[in-house]
Amino acid sequence: MPLRARTIAVATATTLAATGLTLPFAATATAAPAAAPAPLTADFNGDGYDDLFVGVPSGSVGDKAKAGFVSVVFGGRHGPGPHSVRRITQATVEVPGTPEAGDRFGGSVVAAHIDDDKYADLVIGAPGEDIDAKTDAGSVTVLYGTGDGFSGANTAARGTKTGDAYGNALVAADFTGDTDVDLAIGGKDQVVANTHPLVARTQPIMADRMGGRAPTMTTGDYDTDGRPDLALGYYTKNQPYTQSHVRLYGWNKDEGSMLNFWNNSNSAANALASGDFNGDGYDDLALGNCRENADENIDDPCGPEELTKGGGIHIRFGGANGSFGWEQQTFNQDTAGMPGVAETGDGFGDALAVADIDADGHDDLIAGAPGEAIGSAAKAGSVTVLKGGEMGLLDPAGAANPGTVAYQQNSPGIPGAAQAGDLFGGALAFGDHNGDGVPDLSVAAPGENSAAGGVWDLPGAKAGGSVVTPNSLGLPASLDPYAYGAVLGH
């Protein structure tokens, strides 16, 4: 049976960290039985609540600018914020290394069960880490969860040469099918794997020019072999050629490595996320803010071109017998039933998150549009909750499914006020922070309060909830703006 991936788009978070904030219908499917509540994936202290964790690579540690840290806000009955908070740096006793200017510790963060206990573990990328004389070689650290928060750590990857930037993107899954969690690690112009994260041993997955950007990555079982695969997106312009790709890699037992088995050439996507949107039991892939980047006479790799205005979302549906990607849907904010209007610069789909919010057997897709103008407030940002259904994310008439709704900081029940440059929806994640069995949506606004940033917790992906900010958490002053939430853990 194919895996039901519970993933979110790390793309925007890792890209921001690396750059410094820079239709057709699917085949009818039979609805699956109502899904059980998703298992906890980020409960670091084993108390039964998912925890919120945020990479802050631009944060200072003492007088070390952009040394970086990770902010862990523990969940509880009242959601994240009132219970307990940890600030983890390379000066934290369990963590190897020393804080240095430009390390960007927290440049990527992901939760995974690396060892065999009940506690989730925290995997942290530091793409600016210098190793010996190798500047910005990058590193990846695994910090182990325990009853009082964290205990023990090891290095899972080290860049081998200057500029490798290991750790500017991360995903975790059991690619090999041996029941142990593996890591896919983004670096500059390369992606590597570590199939034994207890030691710092990596092997290549892909090497190609990415224009200095972090790759976008997610996981899902696209070839229906019962093991998760890696979805990888990247693009570059004029270095020395223009290119863009979305590629799928799966574990090949005979070769002992990840091999490429599917490509969507010329499609530049700012975010990727997996889910079963039509409830047929097969993983689908969502490409956020998808558009054609290089023109090599490949027709519409992201669906109809007119649906890319303001950011188009392109869905490739999974299916049996190697039929992944044949059925497709494409939509933007001008699609019938969709809140808002497609406008240049909205960035609709720049961040994506997936969960079956109402447990109806169809995964739902949340799309961030951090460039959305709210009234006269440019780049205030918004998020749209798109409901899954038997045809995917659109109904038989090609309109958004009933229940699709958008939120921004001027929406009733959403704390705060929409202001220019907030970038609300710049990163997204899910976790059951209040322990009620329903996934809660985390929405980052890294531009909030002059780029101090903040993260909104929306229980059940509905209006309400609370906000955590550097000020509310009592974080120390930083030499550079925090942009809190730009790197949102998943």
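**Contacts and pairings in a predicted model**

Ser108 is found in strand β4, which covers residues 108-112, and the questions below start from this residue in what is a predicted model.

Me: How far apart in space are Ser108 and Glu305, C-alpha to C-alpha?
Reply: Along the sequence, Ser108 and Glu305 are 197 residues apart. In space, taken from C-alpha to C-alpha, the separation of Ser108 and Glu305 is 32 Å.

Me: Which cysteine is the disulfide partner of Cys290?
Reply: The count of disulfides comes to 1, and its sulfur atoms are 1.9 Å apart, within the 2.5 Å cut-off. Cys290 belongs to strand β18 (residues 284-292), whereas its partner sits in the loop between β18 and β19, 12 residues apart from Cys290.

Me: Is the link of Cys290 and Cys302 left-handed or right-handed?
Reply: The angle about the S-S bond of Cys290 and Cys302 is -60°. With that value, the link is left-handed.

Me: Which residue joins Lys387 and Asp364 in a network of salt bridges?
Reply: The side chains of Lys387 and Asp364 meet in a salt bridge with an N to O distance of 3.5 Å. Lys387 lies in the loop between β23 (382-386) and β24 (405-407) and Asp364 in strand β22, so the pair ties together parts that are 23 residues apart in sequence. Both Lys387 and Asp364 are buried. The network that links these two has a further member, Asp358.

Me: Which residue forms a salt bridge with Arg86?
Reply: Arg86 is partly exposed, having a relative accessible area of 22%. Its closest N to O approach in the salt bridge is 3.9 Å, within the 4 Å limit, and the partner is Glu94.

Me: Which residue of β15 stands opposite Tyr249?
Reply: Four strands form an open sheet in the order β12-β13-β14-β15, with antiparallel pairing, and β12 (216-220) and β15 (257-265) are its edge strands. Strand β14 (residues 243-252) pairs with β15 in the antiparallel sense over 8 bridges. The residue of β15 opposite Tyr249 is Asn260.

Me: Which element gives the most residues to the largest nonpolar core?
Reply: Of the 19 residues in this core, Ile313, Ile315, Phe331, Leu352 and Leu365 touch the most other members. The elements that supply two or more residues are β17 (271-275), β19 (312-316), β21 (351-355) and β22 (364-369). With 3 residues, the element that gives the most is β22.

Note on methods:
Residues are numbered from 1 along each chain as its sequence is written. This is a predicted model: local features need pLDDT of at least 70, side-chain atom pairs count only at pLDDT 80 or more; totals for chains, interfaces and linings use all residues. Side-chain values use heavy atoms; hydrogens and water are left out. A nonpolar core is a set of buried Ala, Val, Leu, Ile, Met, Phe, Trp, Tyr and Cys residues joined through side-chain atoms within 4.5 Å. Buried means under 20% relative accessible area, exposed over 50%, partly exposed in between (1.4 Å probe, protein chains only). Two strands pair if DSSP finds at least two bridges between them.
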